[in-house]
Amino acid sequence: FDPVPKADQLATEVAKAIQYKARDFQDVLDIVRRHANDRMFQVGVHILRGRTTPENSGIALSDIADTALRTLFAPVEQEFADAHGRIPGGEMGVIALGKLGGQELTTSSDLDLLFIYRGDEQESDGQRPLALIPYFTRLGQRYLSALTAPTAEGILYEVDMRLRPSGNSGPLSSSFESLVKYHQESAWTWEHMALTRARIVVAGERFSSELRDAIRSILTAPRDSDTLVRDVASMRARIERDRKSGGEWDVKNRRGGLVDIEFIAQYLQLRYGAAHPEILSPNTTDALLRLKHAGILDPGMAESLVLAGGVL
């Protein structure tokens with residue numbers, strides 16, 4: 001019943017556990033799973049006992065997921081580098097989308113992730129070198145396995161990679177250049193909607209800055225307002241057709257539910273982002289408040305949407 005630790009405290013907890021208890025990589029996997037599952041259980045108790053709000057529980061669950069993602073990345077990367085070396089100037093970043101991107105996780109959410117890489121050379125420098133694309137594809141596969149494979153401590157997270165460029169038909173890890181080119185030239189409107197939820201979880205300072213700038217540039221590109229509203233309405237109709245509402249208690253998919261609130265925020269960010277880049281935020285509530293402050297969304301309507309989202 002104690003307060004759930006903040007992100008930096010969570011990172012310290014799991015780092016100490018690994019330092020004193022981990023004998024090998026398998027132990028690291030188990031320790032991270034045990035830590036995350038224990039803390040998720042704590043948040044669940046707080047929800048059941050009414051000790052937290054939906055907003056606060058979403059932040060706490062997202063902090064737990066962020067901690068697991070960041071903690072596992074370094075040992076996975078090091079183990080891979082021990083076998084294949086490193087790509088000079090190379091780096092892989094992890095971008096969260098969806099509920100994790102907006103720090104709105106629930107106890108049953110999966111993680112929507114993108115793996116993005118860059119590299120100055122075309123081959124790694126290890127004893128078993130790999131070319132650039134296979135290197136980061138296999139590193140991404142290794143990292144995904146570390147997140148999803150069941151161990152003695154159970155499953156950590158289900159991960160959804162379908163929001164990567166070209167969906168399931170595309171490579172698991174995408175180059176920085178291909179991500180930018182795809183969203184500038186080929187992406188559907190719904191993919192830009194998904195990108196409004198992007199939040200960088202793992203990346204070095206320089207690469208993180210480049211990713212943020214690229215995402216901001218994509219989201220603030222001028223758009224035809226008529227085409228945009230038709231595309232958003234079409235996507236909403238498709239969801240309604242493919243995911244039948246479970247009745248009045250289906251607070252996510254029913255008319256006036258969470259999906260509609262999220263679509264309003266995403267549509268308005270894409271519609272007005274070019275003129276008002278300050279409205280961009282991966283968190284739905286924050287985006288609605290920014291839209292209100294920018295004079296785009298009526299204050300009463302914004303407050304109604306924020307209240308409804310919090311209650312739902």
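Biologist: How do the axes of helix α6 and helix α8 cross?
Modeller: In this predicted model, the axes of α6 (residues 176-185) and α8 (residues 205-219) come within 10 Å and cross at roughly 10°. Angles under 35 degrees count as roughly parallel, and α6 and α8 are therefore roughly parallel to each other.

Biologist: And which residues meet there, between α6 and α8?
Modeller: From α6 the residues are Phe-176, Val-180 and His-183, and they meet Phe-207, Glu-210, Leu-211, Ala-214 and Ile-218 in α8.

Biologist: What is His-192 in contact with, leaving aside its neighbours within four places in sequence?
Modeller: His-192, which lies in helix α7 (residues 189-195), is in contact with His-183, Ala-187, Ile-218, Leu-219, Arg-223 and Leu-270. Among these, His-183 belongs to the α6 side of the packing with α8 and Ile-218 to the α8 side, while Leu-270 is one of the α10 residues that meet α9.

Biologist: Is His-192 buried or exposed?
Modeller: His-192 counts as buried, because its relative accessibility is 11% and the cut-off for buried is under 20%.

Biologist: You mentioned α9 and α10; at what angle do their axes cross?
Modeller: The axes of α9 (225-242) and α10 (258-272) come within 11 Å and cross at roughly 160°. With angles over 145 counted as roughly antiparallel, α9 and α10 are therefore roughly antiparallel to each other, and their crossing is right-handed.

Biologist: Which residues of α9 and α10 meet?
Modeller: On the α9 side they are Ser-225, Leu-228, Val-229, Val-232, Met-235, Arg-236 and Ile-239, and on the α10 side Val-259, Asp-260, Phe-263, Tyr-267, Leu-270 and Arg-271.

Biologist: Switching to the strands, how is β2 paired with β1?
Modeller: Strand β1 (residues 91-97) pairs with β2 in the antiparallel sense over seven bridges; within that pairing, Val-94 has Phe-115 as its bridge partner in β2, and Ala-96 stands opposite Leu-113.

Biologist: Which strand does β1 join through three bridges?
Modeller: That is strand β5 (residues 199-202), which runs antiparallel to β1, and here the bridge partner of Val-94 is Val-202.

Biologist: How many bridges join β2 to β4, and how many to β3?
Modeller: Three bridges join β2 to β4 (residues 173-175), the two running parallel, and Ile-116 has Ser-174 as its bridge partner in β4. Two bridges join β2 to β3 (residues 159-160), also parallel, where Asp-112 has Asp-160 as its bridge partner. From β2 the chain crosses through helix α5 (residues 132-148) to β3, and this β-α-β crossover is right-handed.

Biologist: How many residues of β1 and β2 are buried?
Modeller: In β1, six of the seven residues are buried, so that strand is largely enclosed by the rest of the structure. Strand β2 (residues 111-118) is mostly covered as well, with seven of its eight residues buried.

Biologist: Back to α5: at what angle do α2 and α5 pack?
Modeller: Helix α2 (residues 25-48) packs with α5 at an angle of about 50°, with their axes 9 Å apart. That makes α2 oblique to α5. Phe-25, Leu-29 and Arg-33 are the α2 residues involved, and they meet Ser-145, Ala-146, Leu-147 and Thr-148 in α5.

Biologist: Where does Gln-103 lie?
Modeller: Gln-103 lies in the loop between α4 (98-101) and β2, and it counts as partly exposed because its relative accessibility is 27%.

Note on methods:
Residues are numbered from 1 along each chain as its sequence is written. This is a predicted model: local features need pLDDT of at least 70, side-chain atom pairs count only at pLDDT 80 or more; totals for chains, interfaces and linings use all residues. Side-chain values use heavy atoms; hydrogens and water are left out. Helices (H or I, at least four residues) and strands (E, at least two) are DSSP runs, numbered from the N terminus. Buried means under 20% relative accessible area, exposed over 50%, partly exposed in between (1.4 Å probe, protein chains only). Two strands pair if DSSP finds at least two bridges between them. A crossover is right-handed if, with the strands pointing away from the viewer, the path from the first strand over the helix to the second runs clockwise. Axes are lines fitted to C-alpha atoms, for helices over the stretch in contact, and angles run from 0 to 180 degrees between N-to-C directions. Angles under 35 degrees count as roughly parallel, over 145 as roughly antiparallel, 65 to 115 as roughly perpendicular and the rest as oblique. A crossing is left-handed if the near helix is turned anticlockwise from the far one by less than a right angle, and right-handed if clockwise. Contact means heavy atoms within 4.5 Å.
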